[in-house]
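Take a look at the protein below. Turn it around a few times before you read on.

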Amino acid sequence: MQPVEIGLLIGLAALLVVSLILLVRLQALRRDQLALPAQLVQDMEARHRAVLTDLHAGLTQQSDRVQAQLAALQVAQTERLSDTRASVTEHLGQFQTAMLEKLIEQGRAEQSLLQDTLKGMSAQFGDRVQQLSQTVDGRLNEISGKVAERLDEGFKKTNETFTSVMTRLAVIDEAQKKIEGLASNVVSLQEILGDKRSRGAFGEVQLEALVRNSLPPDAYAFQHTLKSGARADCVLILPEPTGTVCVDAKFPLENYSRMFDDALPPAERDAARRQFKMDVKKHVDDIAAKYIVAGETSDGAVLFLPAEAVFAEIHAYHPDLVEHAQKQRVWLTSPTTLMAVLNTARAVIRDSETRRMAHVIKDELAKLAKDFARFDERMKKLATHIEQANKDVSEVRISSDKISKRFAQIERVELEHPDAASARLLDADE
């Protein structure tokens, strides 16, 4: 046999021996294991009995100690409860007294504050009403004063105009008497007005005097230049829809004088009459073309004839000229008729000013109505605040009564369970 095989056999034999030894030990351990539960049960029972005995003795001793401690604790707790009840009663009395004093002071302070506030607001409203009344009276007085001032001014100017006219008429009469008395020493009007420039200046001066004596300064303008470059002798600035009315002075005296010159033959007088009509018609056409401008002036203009005789001649013997002038929207006037036109214009201006002041009065009354509306709204707000303050005072009084009743119950030791008391207070608040 080989050495290796011998070694293997030896190893197997050793392994068998070891296996047998292990089997023997395992059997012994199994026997010990089967006997072990019975021993353990016996030991556990013995130990359990010993523990129960010790536990019973300990519980008996502990029960005695606990009963003694509970008796002592009950006595001490009773004493502490007596002391606590006395202290709580004393503190509750002090707290109730302090709380009632604070509530009384707070109620007095709130009442005083409310009274002061009401007095202040009443004073403010009284001052405001007085200021509004003064403002309204002042505005009405101012408006009335302005209207009266304008009317007085208009009447004054009218009286001044008539006085001036009468004075001028008296002066003219006096001058006429002087002229008649000194006819040999004074140059005749025909000679003075023989020059065209002199006639134009005479017409412009007479026109200016009539306008200045009849209208307020802001209602006219002399030598006014239009956008087209044309310059009018005078423009009347009237309220809408009339607007700006141009007035131009023309004095066709030369041919008019020749019409009535007995020294001339009838043919020349007839020629002068035709030329006179042509002159007047040309003046009408020139005025219509230059002084009637859409969007800038009114739809008509005025031709001023400084002589009443010329105006009367046209209207008495030349109706075609009057008709032509009306078609061209040019109105022929003399000093007398121009005075009537200016008086009408002054009445229109006065009426417009009156309407404007009425509009101002209406606006002031509307402002006054707004002020009174605001005053009424603020009075309503004040009433709401006063009502709310009264409601708050009532609620504070209810809360104070509840607190007082609760203090009384505490003082009488009429205590309830906390949950029941909370539920009752919650129900009372709801």
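The paragraphs that follow go from the whole chain to single residues.

This is a predicted model: local features need pLDDT of at least 70, side-chain atom pairs count only at pLDDT 80 or more, and totals for chains, interfaces and linings use all residues. Residues are numbered from 1 along each chain as its sequence is written, and side-chain values use heavy atoms, leaving out hydrogens and water.

Start with the overall plan. The protein chain has 9 helices and 5 strands. Here helices (H or I, at least four residues) and strands (E, at least two) are DSSP runs, numbered from the N terminus. Read from that end, the order is α-α-α-β-β-β-α-α-β-α-α-β-α-α.

Now ask how much is hidden. The chain has 430 residues, and 21% of them count as buried. Buried means under 20% relative accessible area, exposed means over 50%, and partly exposed lies in between (1.4 Å probe, protein chains only). The protein chain exposes about 30600 Å², and carbon and sulfur atoms supply 59% of that area. Such areas come from the Shrake-Rupley method with a 1.4 Å probe; for residues, only the protein chains shown count as cover.

Contacts come next. A contact means heavy atoms within 4.5 Å. Take the contacts between residues at least 6 apart in sequence: 67% of them join residues at least 24 apart.

Go inside. A nonpolar core is a set of buried Ala, Val, Leu, Ile, Met, Phe, Trp, Tyr and Cys residues joined through side-chain atoms within 4.5 Å. The largest one has 29 residues, and Tyr291, Val310, Ile314 and Leu332 touch the most other members. Several elements give two or more residues to this core, including strand S2 (231-237), helix H4 (253-259), helix H5 (266-291) and helix H6 (308-317). Helix H5 gives the largest share, 7 residues. Look at Val310 as an example. Leaving out residues up to four places away in sequence, Val310 touches Phe251, Pro252, Tyr256, Phe276 and Leu305. Apart from this core lies another, of 19 residues; Tyr220, Val247, Leu342 and Ala345 are among them.

Which charged pairs can you find? General rule: side chains of opposite charge can pair when their charged atoms come close. A salt bridge is a side-chain nitrogen of Lys or Arg within 4 Å of a carboxyl oxygen of Asp or Glu. The structure holds 8 of these bridges. One of them joins Asp320 and Lys277, with N and O 2.8 Å apart. This pair links distant parts of the chain: Asp320 is in helix H7 and Lys277 in helix H5, 43 residues apart. Asp320 is partly exposed at 38% relative accessibility, and Lys277 is partly exposed at 25%.

Lys282 pairs with Asp286, the closest N and O atoms being 3.0 Å apart. Both lie in helix H5, 4 residues apart, about one turn of the helix. Lys282 is exposed at 51%, while Asp286 is partly exposed at 30%. Lys381 and Glu377 also meet in a salt bridge, at 3.9 Å from N to O. They are separated by about one helical turn because they sit 4 residues apart in helix H8 (residues 335-411).

What about a charged residue with no such partner? Asp233, in strand S2, is buried and has no salt bridge. The nearest side chain of opposite charge is Lys250, 6.1 Å away. In this count Lys and Arg are positive, Asp and Glu are negative, and His and the chain ends are not counted. A polar atom of the Asp233 side chain does lie 3.0 Å from the backbone nitrogen of Ala249. Beyond its neighbours within four places in sequence, Asp233 is in contact with residues including Glu204, Phe222, Val247 and Ala249.

Finish with the backbone. The peptide bond from Glu240 to Pro241 is cis, with omega near 10°. Pro241 lies in the loop between S2 and strand S3 (244-249). Gln223, in strand S1 (residues 220-225), has a positive phi near 50° and is not a glycine. Arg329 is not a glycine either, yet its phi is positive, about 60°. Arg329 sits in the loop between H7 and S5, and Arg329 is partly exposed at 38% relative accessibility.

Note on methods. A polar contact is a pair of N or O atoms within 3.5 Å; within protein, one must be able to donate a hydrogen and the other to accept it, and residues adjacent in sequence count only if both atoms are side-chain atoms.
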